[in-house]
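Dear colleague,

Please find the structure below, together with its sequence.

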2 protein chains.
Amino acid sequence: MRVEIVAVGTELLLGQIPDTNSQWLGEHLAANGISSHFHQHVGDNHERIVLAFRTALARSDAMIVCGGLGPTQDDITRAALAEVLNVPLVRDEQIVATIRAMFVSRGRTMPDNNLLQADVPLGATIIPQTRGTAPGLVCSVGQKVVYAVPGVPYEMTDMFERAILPDLLARQRLAGETSVITSRVLRTWGASESALAEALGERFDELAGDGRVTIAFLASGIEGIKVRLTARGDDAEHATRLLAGEEVVIRALISEKLGDIIFGADQETMEDAIATRLGRRGVTLAVAESITGGLIASRLVSIAGASKWFRGGVVSYASEVKFDLLKVPRGPVVSPEAAEAMAVGVRSLLSSDIGLSVTGVAGPEEQDGQPAGTVFVGLAMGETVEHVALRLPGDRPRIRAYSAISALDALRRALDRAD
Amino acid sequence: MRVEIVAVGTELLLGQIPDTNSQWLGEHLAANGISSHFHQHVGDNHERIVLAFRTALARSDAMIVCGGLGPTQDDITRAALAEVLNVPLVRDEQIVATIRAMFVSRGRTMPDNNLLQADVPLGATIIPQTRGTAPGLVCSVGQKVVYAVPGVPYEMTDMFERAILPDLLARQRLAGETSVITSRVLRTWGASESALAEALGERFDELAGDGRVTIAFLASGIEGIKVRLTARGDDAEHATRLLAGEEVVIRALISEKLGDIIFGADQETMEDAIATRLGRRGVTLAVAESITGGLIASRLVSIAGASKWFRGGVVSYASEVKFDLLKVPRGPVVSPEAAEAMAVGVRSLLSSDIGLSVTGVAGPEEQDGQPAGTVFVGLAMGETVEHVALRLPGDRPRIRAYSAISALDALRRALDRAD
């Protein structure tokens with residue numbers, strides 16, 4: 001079954017607010033094994049809303065409309081729907097009574113504008129409102145179905161869970177579609193998207209033939225590159241089994257061809273990976289940051305409970321701070337030696353078990369004769385003091401962000417080696 | 001002219017990432033007087049991408065496609081475009097050479113997969129890549145036009161500004177659409193969106209009658225709340241004059257009713273505002289961060305040339321670091337006294353002219369008997385040592401982000417007072 005989401009509102013087209021509704025609906029449909037194949041945004045314009053609705057009904061089996069059910073002149077979803085369904089709008093006195101009672105309970109009089117919210121395309125089923133004044137609508141169109149819900153997220157999500165999802169699942173069962181979709185995201189750092197695609201290319205092609213499991217790649221900036229596995233099974237148990245089996249294959253392929261680049265799964269970030277490892281070993285960390293200027297510390301502090309293993313850090317932006325506070329020997333500050341000295345210095349200064357550092361050139365200008373993108377990560381852990389040299393692409397913000405995740409990844413690998 | 005945005009990627013349908021590209025494009029098209037009338041999301045499926053493209057070309061004059069230009073097997077925008085345009089894909093050897101050179105400059109060999117990115121629908125014009133490996137495409141279809149750009153935001157925005165926007169504006173002029181829209185964003189911190197709406201409500205209504213100048217509000221998280229003024233003039237000079245006149249009125253209203261809350265205009269961030277003021281006075285800054293954990297330092301370092309006025313910082317996450325390194329007296333660390341001591345301590349430790357500090361409770365749990373959202377900003381400047389007490393709303397990331405911008409805003413106001 002193809003489901004299409006149509007989000008109505010000029011503010012979406014103008015970019016004044018993000019469309020969190022379509023994202024939420026897409027995620028929750030997928031989690032229930034229902035595919036949303038198309039999303040549309042359209043403004044508060046009758047002709048164009050009608051066009052968007054007709055497009056959706058032409059290519060999809062079900063349409064979920066969000067927005068345009070409010071009480072003002074620019075809320076015209078009801079009228080557009082009536083035109084597309086070729087039925088009149090009729091005023092539902094039961095809805096009028098309900099809305100009037102909501103206002104009375106708040107000690108207010110219902111403005112006449114709210115009467116508009118009681119106008120319903122003839123033949124529509126009502127989804128009673130519980131959180132706002134606008135009811136939702138369910139309209140059958142031949143074998144297809146249209147749902148209309150308010151654009152206010154907490155009204156929309158309530159109606160989705162209470163009415164739309166059960167109805168869609170019932171329709172899917174009736175249509176004999178009982179398959180269940182489940183997915184797993186593997187998060188990687190250290191290989192390019194194309195290198196990943198090449199490593200998994202053969203498997204990608206094998207899977208394409210069957211179609212039960214699919215692979216997709218998603219470059220996500222400082223969140224790394226994600227590899228998403230999606231499995232479609234006859235039931236939940238089958239889907240889970242397919243996915244688990246494929247995950248083993250893909251992990252082995254990645255590990256064999258690209259090494260230890262998977263740092264997490266699903267919602268697990270690089271910070272989470274670090275937090276788990278440090279927590280398990282019961283050791284503390286301090287960071288010395290130059291090029292990243294606090295990015296690393298800031299990501300670590302984003303983890304609730306970081307105080308158990310994170311001591312803090314020094315942002316040694318000025319060279320004098322490196323020399324005076326971190327005891328880096330005077331000389332070029334973008335060098336392997338400086339990175340190592342920073343790691344040792346911050347470990348000592350903040351009395352932590354591990355010291356991690358980054359120094360480099362963010363650009364646009366070069367520094368100490370090194371081009372933008374030259375980065376050194378220093379690590380002091382037990383008796384070991386070492387560095388990793390990197391050459392990172394991109395502009396200033398990108399180089400800084402990549403430096404941060406690269407440094408955390410270097411620490412992750414070192415902790416795993418030490419286990 | 002009707003412009004339609006088509007964002008390609010199964011991850012959008014599954015709700016795994018928000019579609020920030022359509023929002024950004026919608027905002028920037030509108031700011032230049034171009035309407036985006038429809039947006040679509042479609043997954044990485046050839047048949048459905050073709051359907052989405054044909055739908056867009058049926059109802060719009062220009063289509064901007066984002067995504068699906070990567071080097072992997074699921075990047076199929078090029079092939080779908082070729083089908084819709086009814087032309088073959090041809091390999092462009094110039095693009096091959098460019099991509100190969102990009103890999104060589106990073107000391108790596110180009111994987112064969114990247115060759116896919118050199119396949120171009122016959123007749124397309126290339127938008128040269130400057131930030132990633134995928135070039136953009138411009139394809140004419142009769143009187144209509146298709147632009148295809150990568151989904152990676154910083155590649156997309158670059159190509160939009162460099163190639164798409166100038167081309168769309170030229171087409172609009174050719175079509176005889178000569179009115180010019182210009183806009184100005186005033187960035188504020190320290191008043192709520194509804195307080196701003198109330199302060200400007202009367203003016204808002206006056207302007208609505210004429211329609212030449214409009215006001216919109218846009219809450220933008222740690223970027224503050226933006227007030228956007230848009231003027232439509234008969235030509236550029238007329239639009240600029242209308243806008244300048246209105247800006248004077250609005251600035252005066254805001255200043256009169258809400259005080260000194262405007263920190264910048266257009267692209268000017270709070271960091272820029274700080275950089276300008278510190279640079280002008282020739283003084284240096286050091287920061288001590290607890291709750292923000294490096295966020296403030298990181299935002300300051302994002303400014304190229306920050307080394308002229310930024311010494312660095314200490315992320316004193318563990319209380320011991322506050323006591324030992326910053327010489328904060330032992331006791332509760334979320335207090336006005338601790339904030340002031342941190343500011344004095346970091347100024348002394350890093351030998352800067354000014355010390356700025358933040359301590360607070362990010363939550364979810366309370367600390368030292370203080371609820372989440374309790375934040376103290378400390379400031380040491382010349383003979384003055386002072387603090388600002390804040391109670392911030394939201395969850396952990398929100399409280400941390402608001403703390404960072406609030407601290408910088410406190411510094412901005414103090415610098416202006418001292419002038």
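Predicted model: local features only at pLDDT ≥ 70, side-chain atom pairs only at ≥ 80, totals over all residues.

In chain A, the domain assignment gives domain 1 (2-174), domain 2 (180-265) and domain 3 (270-418). The centres of domain 1 and domain 2 of chain A, taken over C-alpha atoms, are separated by 36 Å.

Turning to the helices of chain A, the axes of α3 (residues 46-59) and α4 (residues 77-85) come within 9 Å and cross at roughly 55 degrees. Helix α3(A) is therefore oblique to α4(A), and their crossing is right-handed. On the α3(A) side, the contact is made by A:H46, A:I49, A:V50, A:F53 and A:R54; α4(A) contributes A:T77, A:A79, A:A80, A:L81, A:E83 and A:V84. Of the residues in this contact, seven are nonpolar, two polar and two charged.

An open sheet of ten strands runs in the order β17(A)-β16(A)-β15(A)-β13(A)-β14(A)-β14(B)-β13(B)-β15(B)-β16(B)-β17(B), with mixed pairing. The β17 strands (384-391) of chain A and chain B stand at the edges with a single partner strand each, so one side of each has no neighbour in the sheet. On average, neighbouring strands are turned by 15 degrees against each other, direction ignored.

Within chain B, β13 (residues 285-289) and β15 (residues 354-360) pair in the parallel sense over five bridges, and B:E289 stands opposite B:V358 in β15(B). Helix α13 (residues 336-349) of chain B lies across β13, β14, β15, β16 and β17 of chain B, running at about 140 degrees to β15(B).

With kind regards

Terms used. Residues numbered from 1 in each chain as written. Chains lettered and ligands numbered in written order. Axes fitted to C-alpha atoms, helices over the stretch in contact; angles between N-to-C directions. Helix = DSSP H or I, 4+ residues; strand = E, 2+ residues; numbered from the N terminus. Parallel < 35°, antiparallel > 145°, perpendicular 65-115°, else oblique. Left-handed = near helix turned anticlockwise from the far one by under 90°. Contact = placed C-beta atoms within 7 Å. Nonpolar A, V, L, I, M, F, W, Y, C, P; charged D, E, K, R; others polar. Domains from an automatic or database assignment. Pairing = 2+ DSSP bridges.
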